[in-house]
Structures are given as C-alpha cells and as structure tokens.
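User: I would like to go through the labels attached to this model and see what each of them rests on. Could you take them one at a time, setting the value against the cut-off?

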Amino acid sequence: MGMFMLNDDIYIGILLERLNLRFGPTQIREMAALQKKFAVFSPRHSFRDAVDLLGLGGYWNATIKNKWGRLLDSLEQVPSDRQDQNGDQRIVSALRDDLGKQNPSPVHFTSHDSRRNRRVTVRNNTHPIFYMHESFMTISLPMKPRPLER
C-alpha cells in the first residue's frame, strides 16, 4: 500500500518479487518441507512473522523493512474473500493448506487497487505468468496509492 511505503513505494514490486521467487516452482518443495518441519504458516503466526522469519523483507534497508512490516501488519485489518477470515488469516491459511498438499502449487503474489476491491484474494489454478506453464495459486494484496504530493 503506497500509503505505508510512501516515497519508497517503488520497492513494493521488488518485495513482491522476493515472495514470488521464494514460492516459485523451483522453491515450492523446499517451502513445503519447511512448513512440515516448522509450521511456519499457522494461526499462531502472522504473515508478517513468516515473512520476517524467511528473510523476505527489505533486509537491505531498515526503513523499507519497517514500512513493509507495517504494510503486512495492516492485513489484519483488511477483509478477505472469505467472510470468516481477515486478510492476514486468509494468506496464512491458504499457504498452510497449499504447502500441506502432496503437490503444492507455486504461489504468485501480486497486488490490486484497493479502491476497487478492499479484500485480500486467493485464487487457485491460475496462470499469472503467460510464459510459464505451471498453474499457480495467486494471492493478491489490496493496495491504495500514496497521496499525490502537492
């Protein structure tokens, strides 16, 4: 959400890409093994906790890491495409369920304009990357653009 990252909103794409690399087709089995061994994604942990544990924040810059963390924390206040789960719970449960499967799907993280849809959304069997043949689970975070500077 640009309102959290402000002038550092240029890094949102890089931070999402780090998630996409870690949950991509070549890494998803390792993520499933980590989930089985450590229960990284569980109701006991927020999505931010898991991202921090996996080192997927802006580790190269403390300011960016803190802003990204606040953005991820805010998902607890965001609705999801499931009425019984907030945005944070939806992401954690979707990842837990996927990584618990015999053949987990790679995960593609993206964002959408929260002015049109305020909810975190999760879709299975998607093809978000046209040049890749794998089916993905797509997790989309609602983001609001930062205010224009005057």
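This is a predicted model: local features need pLDDT of at least 70, side-chain atom pairs count only at pLDDT 80 or more; totals for chains, interfaces and linings use all residues.

User: What makes R115 and D113 a salt bridge?

Analyst: The side chains of R115 and D113 meet with N to O at 2.7 Å, and the rule asks for a side-chain nitrogen of Lys or Arg within 4 Å of a carboxyl oxygen of Asp or Glu, so the pair qualifies. D113, for its part, has a relative accessible area of 18%, and since buried means under 20%, D113 is called buried. Elsewhere, salt bridges that share partners join R48, D52 and D73 into one network.

User: How do you know that D52 and R48 are separated by about one helical turn?

Analyst: D52 and R48 are four residues apart in helix α4, and an α-helix has 3.6 residues a turn, so residues three or four places apart point the same way. The side chains of D52 and R48 meet in a salt bridge at 3.3 Å, N to O, which lies within the 4 Å limit. D52 is partly exposed at 35%, a value between the limits of 20% and 50%.

User: Why is R90 called buried, and what is its salt-bridge partner?

Analyst: R90 has a relative accessible area of 8%, and the label applies under 20%, so R90 is buried. Its partner is D81, with the closest N and O atoms 2.6 Å apart, and D81 counts as partly exposed at 27% relative accessibility. By the 4 Å rule, the count of salt bridges comes to seven.

User: Why are the buried residues of helix α3 said to line one face?

Analyst: The buried residues of α3, which spans residues 28–38, are I28, M31, A32 and Q35. Seen down the axis of α3, these buried residues fall within an arc of 100°, so they line one face of the helix. They pack against α2, α6 and β1, while the face turned away from the buried side carries the exposed residues R29, K37 and F38.

Note on methods
Residues are numbered from 1 along each chain as its sequence is written. Side-chain values use heavy atoms; hydrogens and water are left out. Buried means under 20% relative accessible area, exposed over 50%, partly exposed in between (1.4 Å probe, protein chains only). Helices (H or I, at least four residues) and strands (E, at least two) are DSSP runs, numbered from the N terminus. The arc is that of the directions from the helix axis to the C-beta atoms. Contact means heavy atoms within 4.5 Å.
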